[in-house]
Amino acid sequence: MVEMLFKELSEIPEIEAIALGGSRAGVNFDEKSDYDVYLYCTGDVDIEVRRQILSKYCDVMELGNHFWEYEDNCVLKNGLDIDILYRNIEDFGNDVASVVEACQGRNGYTTCMWHNLRTCKVIYDENNRLTELKERFNVPYPAKLKKSIIERNMLLLDKGLPAYKGQILKAVGRGDKNSVIHRSAGFFESYFDIIFALNEMTHPGEKRLQSICSKECKILPEDFEKNLEEYYINLFDNKSKIEYTLEKIINNLKKVVDNSKIW
């Protein structure tokens, strides 16, 4: 079914390349795995053209969602979810270049798009441009990028005036649970960005990060899993417990950063 869908999509003039991401791009998937599909385009693809094609293969369609990237979220007739994301190939290449070549650190998730490019499976590539991007950015992890990510995100953890640690403690003191969740999410976005940079690994996205780090990262802070679990358990407890656990998480991270001698 999906092979026929990909063939029809590839015949749309504005679609230059098609790639599979997520588990379907590798070997660890089964017949129930969802599809993450990336369409690299030279221009906008008419929504009615998409509707006409997708209606042949999907029972449920939400076209033109733009909560994150511009995408069509659908359910195939076999019951599997399929997310189809539309990307301008020039913009995508420039975005990855700003990370890999210009070495610009970001507020968490810095290397996610690089990871997506490196791990995707190319299904169709009319002018070989997506393949060329994969080859261009198939490079060792830049030392300058590593330093940039760690510097920026360490400031966000507790060194800068608007650092997450202070914001979390203020929210706990006010009993503002929603703010505690929000600022904790930001804290761990930066925290995991630093860990992946330390290990010179591209960031795989928001899912199963603790498990991935435990299994694949050679450099981890002391009591990595223990301190994370302690933080989650005490998330809405008293301020002193949260502050104590945050201090341990940050200080243990600082130790491995200092030992890495990147400064």
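**Exercise 1.** Identify the ring over which the charged end of Arg50 sits, and state its distance from the ring centre.

*Solution.* Step 1: the charged end of Arg50 sits over the ring of Tyr86. Step 2: the distance to the centre of that ring is 4.6 Å. The term applies where NZ of Lys or CZ of Arg is within 6 Å of the ring centre and within 35 degrees of the ring normal.

The model is predicted, so local features need pLDDT of at least 70 and side-chain atom pairs pLDDT 80 or more, while totals for chains, interfaces and linings use all residues. Residues are numbered from 1 along each chain as its sequence is written, and side-chain values use heavy atoms, without hydrogens and water.

**Exercise 2.** State which ring face Lys177 lies over.

*Solution.* Lys177 lies over the face of Phe236. Its distance from the centre of the Phe236 ring is 5.4 Å.

**Exercise 3.** Describe the aromatic pair formed by Phe187 and Tyr191: its geometry, its place in the chain and its burial.

*Solution.* Step 2: Phe187 and Tyr191 form a stacked pair, with 6.2 Å from centre to centre and 15° between the planes. Step 3: both residues belong to helix 8, residues 177-198 (a helix is a DSSP run of H or I of at least four residues, numbered from the N terminus). Step 4: they stand four residues apart, about one turn of the helix. Step 5: Phe187 and Tyr191 are both buried (under 20% relative accessible area with a 1.4 Å probe, protein chains only; over 50% is exposed, and in between is partly exposed).

**Exercise 4.** State which residues are linked into a cluster by ring pairs.

*Solution.* The cluster contains Phe187, Phe188, Tyr191, Phe192, Phe224, Tyr231 and Tyr232. Phe187 and Tyr191, the stacked pair of the previous exercise, are therefore among its members.

**Exercise 5.** Locate the partners in the salt bridges Asp95 with Arg106 and Lys248 with Glu230.

*Solution.* Step 1: the closest N and O atoms of Asp95 and Arg106 are 2.8 Å apart. Asp95 lies in helix 3 and Arg106 in the loop between helix 3 and helix 4 (112-119), 11 residues apart, and the pair links distant parts of the chain. Asp95 is partly exposed, at 27% relative accessibility; for Arg106, the value of 27% likewise counts as partly exposed.

Step 1: the side chains of Lys248 and Glu230 meet at 3.1 Å, N to O. This pair also links distant parts of the chain, with Lys248 in helix 11 (residues 239-260) and Glu230 in helix 10 (residues 224-233), 18 residues apart. Lys248 is partly exposed, with 21% relative accessibility.

Note on methods: Rings of Phe, Tyr and Trp (its six-membered ring) pair if their centres lie within 6.5 Å; planes under 30 degrees apart count as stacked, over 60 as edge-to-face and the rest as tilted. Helices (H or I, at least four residues) and strands (E, at least two) are DSSP runs, numbered from the N terminus. A salt bridge is a side-chain nitrogen of Lys or Arg within 4 Å of a carboxyl oxygen of Asp or Glu.
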